[in-house]
Amino acid sequence: MQLVLEKRAERSNTIALVSPLIAIGLTIVTMVILFAILGKNPLLALHAYFIAPLTDSYSLQEIAVKATPLVMIAIGLSLCYLAKAWNIGAEGQFLVGAVAGSWIAVKTQGTDAGAWVLPAMFVLAAAAGALYALIPAICKVKFGASEILTSLMLVYVADLFLDYLVRGPWRDPHGFNFPTTAEFDPVATVPLLIEGGRLHLGSIIALIVVAAAAILLGRTIKGFEIRVVGAAPRAARFGGFNANQLIILTFAVSGALAGLAGIIEVAGPVGHLQPGISPGYGFTAIIVAFLGRLNPLGILIAGLFLALTFIGGEQAQIAMKIPLDVTKVFQGILLFYVLACDSLILYRFKLVFPNRQVARGAG
Amino acid sequence: MQAHQRMLDPTPNGLHSGESPLLQTRGLTKRYGDFLANDSINIDIWPKEIHALLGENGAGKSTLVKSIYGLIQPSAGKILWQGTPIALSGPSEARSRGLGMVFQHFSLFDNLTVAENVALGLDGKESFKDMSARLEQVSKTYGLPLDPKREVWQLSVGERQRIEIVRALMQDPKFLILDEPTAVLTPQEADQLFIVLERLKAEGRAVLYISHKLEEVKRLCDTATILRGGKKVDTCNPRLETAASLARMMVGGEIKEVKSASGRKTTVPRLVVNDLSLAPAEAHGVRLEHISFELKGGEILGIAGVAGNGQDELFAALSGERLSKDPGTVVIEGIAAGHLSITQRRKLGAAFVPEERLGHGTAPRMKLSENALLTGHAASGMVNRGFIDTSATLKTVDRATETFDVRKAKRDPEAASLSGGNLQKFIVGREILRNPAVLVVSQPTWGVDAGAAAVIRQALLDLATAGAAVLVTSQDLDELAEIADRIAVMFHGHLSEPLATRDATREKLGLLMGGSSLEPKEAAHAVGA
Ligand SMILES: Nc1ncnc2c1ncn2[C@@H]1O[C@H](COP(=O)(O)OP(=O)(O)OP(=O)(O)O)[C@@H](O)[C@H]1O
Ligand SMILES: [Mg+2]
């Protein structure tokens, strides 16, 4: 007996819709096994992960706060992925955006600068993220370098650069030698939506980004271009669309969105620049993009779901001493299942019995 | 009931007495949504029979054979194999039971050898060496010469098809299905294929043969089943019919003659090519060598030639999918355009129909309206400040559907769900409706049924009559003779001097297609004509 993958004659649209749900289900089953091996009560663990965070306003706000960067980055990535350009380095673009925006905050610290500071930080962060993303895009177009490798490697460059800045030139002189800048001035801080709460302006920006992406992809010729270049490259060339220009454009846009997400995170929930501002948002956003089927609305839902796992992971750590890394394991397993289930849209499993004919012939 | 009985038994004359059918379908039905692609089809295939499956584009021929071969699951009905009902889980089970199929679109890897390609397509577990030996033996037995060590890119279309046929024969099938095998073959290659099919028949195998070429069917086939609109309308002996009567059964009416308007006048040059030479873009492409011609408004120029002699490369150079350094090599409407993109050339009034429908002419998984946008976005008012005007794209779909009788399951389906011929009608319609000044079209009626082919040819003639310049590349010499004013031949990247159609005899074209040049005197005469 042998298990083989066989190409389906017709694409299964039902599976295209339920595949993310199957993936989530399989992930949860795997997690239950994992919890059991760790010696934790699986039911309590699942409750801590998925139910508890939904029961109080603080956690709900926190989910929205965590979902904000995930959704913004994933929207940008989805544009790349639809055009079959593989930007894996959003984490680096996020950090570079955070650094570039922080530069204004650090330089204007205590100078009584006006309300222009925050918008300027946003613009600079987006521009820096875009430029940083252009490095792998241009290497790809000009020299044929794999954008997967180059964009990924630039993550570590950005990470170390940020580290250097907060340990060296930008370190807070009154910060007891901690590697961090001083707390940003109020004009350099993202305003909160609820007094004393956690929810901030960034979440509104994320929603605007989702709406803009939906319009771009569904209604404009640019969005059509992105979809057709990815779906049928030769037909796209026949249509007059230039795949290389599109790689540059989608990388720039996704870099800009990642950079913007970076500065919103630093000038919002964190409040100052320090290492470790991202628990891997740029990588988790890859999962969000695929789980959301590269569709803006899907990404919004997937972003909220993955934010839930971050918060749930913290709660599980506090309540049940489950290591925080389990959250990363969870996200990794989820991506694995999402991609695996996606292949079921085009393929199906089949059991092959080598001596089936003999058996039938005899029967 | 009587009539029904007669339909079940196609050969009331008792030709098959003493034998039982190899394959039967009973009430075979395939539904897509509420559209019936196959509606309760009963057909019987006997051993030692070449059975033709005829029908217009979209009649359901491919759907029927895909069900029989286990590629799609029928919605209702039975398939009986040697009298017992079977439910195939997929093509590999079909193969193991003795069914073979040769698809219209080849599934070969260009950079692998013949033997490697065959090995990939077989389910067996024999060693590569045994398999190669068997391959050589089978190809020798059937007179289908193949060198197992050659890489596929070096082979002609006919040779590639040979690989598919030999691969199918190596499974020793009792029943072989061929879906439009001769659409891409030269007449000589088709003749070779018929010898093989006759031989398979003599060996006691059965063949199901889909084709739009009715003369061919009359010559080759013992029985013909005719589908119309998903239903079986008749089974007959094609030798007792005429091509016209077969066509009438398919369409359920008469087919219009293609008529050229008498007062067609040539005007100014609209497409001029000057000494165009271009290195191939792909490793295995053909180099274009000093191609020159001039095409006036009101004129149709045909390009004949065996596939793979640079026609694809010429198309890419004319369309702007490949640019040439010297702008003057391609002149559209008096403007040097060799360096302009395909979009800019479209804005100059040019339109293009490539040979490959799926993946080149259309994005298969996108809707027809989106595929209308694919070539219409530049110049047809479908885009307004960057926003798509969906009603305009849908209108193009509707107009193409109406003008060219495109049959489809719903208003705006995915391109890939259309039958081959209907998609071709849509693509040609999409371009002609833009009223181009210059139309460059490759294989306009490739796999299109007789009725629809007449509609498309008439549309090309009408376009020329209205003043456009039309360049048609085709392997079908009859088609070129019917519509072209002049015919040139492409060979190894060279384009011959065009001959006036009335002087372009089959012999002359055949010589040019084989690479010999005409007598200098004769050539001079033909050009002067
Ligand atoms: N996956 C699908 N979804 C919806 N409709 C389909 C699908 N596949 C085929 N059809 C429809 O079924 C009908 C029959 O298609 P089929 O490919 O069998 O035609 P055909 O007789 O082979 O035509 P041709 O000569 O053009 O190849 C067409 O109208 C087509 O649009
Ligand atoms: Mg067909």
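## Polar contacts around ligand 1

A polar contact is a pair of N or O atoms within 3.5 Å; inside protein, one atom has to be able to donate a hydrogen and the other to accept it, and residues adjacent in sequence count only if both atoms are side-chain atoms. With that in hand, take B:G420: one of its polar backbone atoms sits 3.4 Å from an oxygen atom of ligand 1. For B:G60, a backbone N or O atom is 2.9 Å from a ligand 1 oxygen, and for B:S62 a polar side-chain atom is 2.8 Å from an oxygen of ligand 1.

On its own, ligand 1 exposes 640 Å², and the protein buries 87% of that. Those accessible areas come from the Shrake-Rupley method with a 1.4 Å probe.

## About the model

This is a predicted model, where local features need pLDDT of at least 70 and side-chain atom pairs count only at pLDDT 80 or more, while totals for chains, interfaces and linings use all residues. Residues are numbered from 1 along each chain as its sequence is written, chains are lettered from A and ligands numbered from 1 in the order in which they are written, and side-chain values use heavy atoms, with hydrogens and water left out.

## The shell around ligand 1

How many residues surround ligand 1? There are 19 (a residue counts if one of its heavy atoms lies within 4 Å), and the closest are B:G58, B:K61, B:S62, B:T63 and B:G421. By type, the shell splits into five nonpolar, ten polar and four charged residues, with Gly counted among the polar ones.

In chain B, strand 2 (35–45), helix 2 (61–68) and helix 14 (420–432) each give at least two shell residues. Helix 2 of chain B supplies the largest share, three residues. Helices here are DSSP runs of H or I with at least four residues, and strands are runs of E with at least two.

## Domains in chain A

Chain A divides into domain 1 (1–40 + 322–363) and domain 2 (50–320), with bounds from an automatic or database assignment. Their C-alpha centres are 31 Å apart. Contact (heavy atoms within 4.5 Å) links 19 residues of domain 1 with 16 of domain 2.

## Where the chains meet

Between chain A and chain B, about 2500 Å² is buried, 58% of it from carbon and sulfur atoms. Buried area is the accessible area (1.4 Å probe) that two parts lose on being put together, summed over both. On the chain A side, A:I221, A:F224 and A:F238 lose the most area to chain B, together 27% of what that side buries.
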